[in-house]
Amino acid sequence: MKLVAGGRTSEIAKFGLWVAAILLLAALADDAFAQGSPFGGPRPAAPVPVDGVVGWLFAKQAEFYKQFSGLIRASKEDGTAAWSLMGLSFLYGIFHAAGPGHGKAVISSYLVANEETWVRGVVLSFLSAIMQAVVAVTVVGIAAVLLHASASTMKGAVNWIETLSYVLIIAVGARLFWVKGRAFITALRQLGRPTAAVGAAVTPAHAAHDHHDHEHDHDHGHEQCDHHDHGHDHAAEIGHDSHSEHDHGHDHSHHDHDHDDASAWGHAHAPEPEELAGPGGWRRGLTAIVAVGLRPCSGAILVLVFALANGLFWVGVASTFVMGLGTFITVAVIATIAVGARSLAQRIAGAHSSYGMLAMRGIETGAALVVMGFGALLLGGYMVSERSVGF
Amino acid sequence: MTKHFVRMIFALAGLLAAGASACAHPHVWVTMQGELVYAPDGSITGVRYNWTFDDMFSAFATQGIDPKKPGVFTREDLAPLAKENVTSLKDFGYFTFAKANGSKIEVKDPTDYYLDYNTKDTVLTLHFTLPFKAPVKAKELNVEIYDPEYFVDFSFKDMKEPITLAGAPAACKLVVARPKELSVPAGQQLGEAFFNQLNSSENWGAQFANKISVKCP
């Protein structure tokens, strides 16, 4: 990469495009499974192929859902029907997680914003899906089985839980936005400085440094290709660390902004490998799990109450957990795509030093905004994730 | 340049958030019968509905209600639930979108409402009359019944006569448009035509609307 003063603007434009492309990719990954059109907004101009997949998913889940009552009834007399019910629950979970209300969008945005690893993404998906099942069983178990409460009481409980969950989503997003937004601004500020530095003199030493950086990061890229393992990500993180140290030293000689530089890569939450997966890291993830998993799925609640009315509460409970497993699979796939898109972005960005840094911070800030936006829209009732049971 | 960049990120984030438009699948199925109520002078005063819910929702709605005879819910047992239903239906405009000669018809609070329970099918039926604010005499009356969020799936019980026109002037004719069928013919590949059936729009549920119109020349 040649760093010529005149090439700066086109470089930024190129990066803008990259960021746009990656955000779009992430959006498609979310939306391909989530809803009718990639950008749902008012009437898309042309039908996008993913529409079809969604249409099919949609027809399928309605079809599955309609079979629940028949299979639950049949389970009373016929044990094999219970097995069919479990199979149905699993499929329904997979397909239904494709619809909104399961926080895939929130989870994947969170993963992008928070620089999570694939393993953590999958674990987060699993725990939030299982938590959703636990909440559904708890609500119906306490309200209907123990308290013999009416449907409207249950609706009230679900509404309350829902509100809490949306507030939590906003909080998670706001925290990320605070951390990443600051890092983004720092990266933005830094952009101006090298321009002056390079404009003053593109010394051979500088060029050599940049070149070295380039190759250095490139190697990491290859490593990422070869083995997608947990351990590797840390290696990459360390790589960036040393990189940022390099920047630090470099800038320090020109300006005394060591503080800004240190946080430029936005590792506000400690990039040390042991800390990333350590107790602190998981605790952070827990908030996201709770925020997303707190909201029970209406379908599961209806199935549980129907099973209860038929004297088969435990069959309903089993079905709810199997549904949760299905949900997990879909969410994990989407989480994988999100993490993959992010590391792809990181690889591309890594090759372009400070612009790459800016791009990554931009993506993260954008993703944090998305998390916050989702929470706010859900809380404000501008976006209906899934109407709570009945009316 | 950087300003553009920031703006673009914000725009994309906004797009992403907007992308999560509602498109859940229905959780409640309603099979309905309707009747347009005519006054002696030939004007329409409202709609009389019978809405039968599916068994899962019926089980959910009756949860916690103790009938005198187990499993047999009487009209009296269900009276509080019926009141609750019509009250909360108001927030959804009774899922009824009526127009007379192209202008919107305002409705009043339902009257004569009650729920009954079919012990054989274990389903609830909600009966209610939805009165128009003022009697309507129109060359063309359109009524659409649907849930914009498509949480509730409405269908007519009798497609031949989805809505009866008791006491309507003889010249009036009923025209029915069924909602789009979301099904794939057996053995047929999922073609583009099927996918195109599903258009995303702000009023997503509208494509599943049941439309009737009454034309009186």
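Author: Chain B has four helices and eleven strands, where helices (H or I, at least four residues) and strands (E, at least two) are DSSP runs numbered from the N terminus. Residues are numbered from 1 along each chain as its sequence is written, while chains are lettered from A and ligands numbered from 1 in the order in which they are written. This is a predicted model, in which local features need pLDDT of at least 70 and side-chain atom pairs count only at pLDDT 80 or more, whereas totals for chains, interfaces and linings use all residues.

The part to look at closely is in chain A, where the axes of helix 3 (residues 79-96) and helix 13 (residues 313-350) come within 6 Å and cross at roughly 35°. Axes here are lines fitted to C-alpha atoms, for helices over the stretch in contact, and angles run from 0 to 180 degrees between N-to-C directions. Among the residues that make this contact are A:L85, A:F90 and A:I94 of helix 3 of chain A, and A:V322, A:G326 and A:I329 of helix 13 of chain A; two residues are in contact if their C-beta atoms, placed from the backbone, lie within 7 Å. The residues of this contact divide into 13 nonpolar, eight polar and no charged, with Ala, Val, Leu, Ile, Met, Phe, Trp, Tyr, Cys and Pro counted as nonpolar, Asp, Glu, Lys and Arg as charged, and the others, Gly among them, as polar.

Leaving aside its neighbours within four places in sequence, A:V371 is in contact with A:V106, A:S109, A:Y110, A:A113, A:I169, A:V172, A:G173 and A:L176.

The C-alpha atoms of A:A136 and A:R295 are separated by 8.3 Å, although these residues are 159 residues apart along the chain. A:R295 lies in the loop between helix 11 (279-293) and helix 12 (298-309) of chain A, and A:R295 counts as buried because it has 28 C-beta neighbours inside 10 Å. A residue is buried if 20 or more other C-beta atoms, placed from the backbone, lie within 10 Å of its own, exposed if 12 or fewer, and partly exposed in between.
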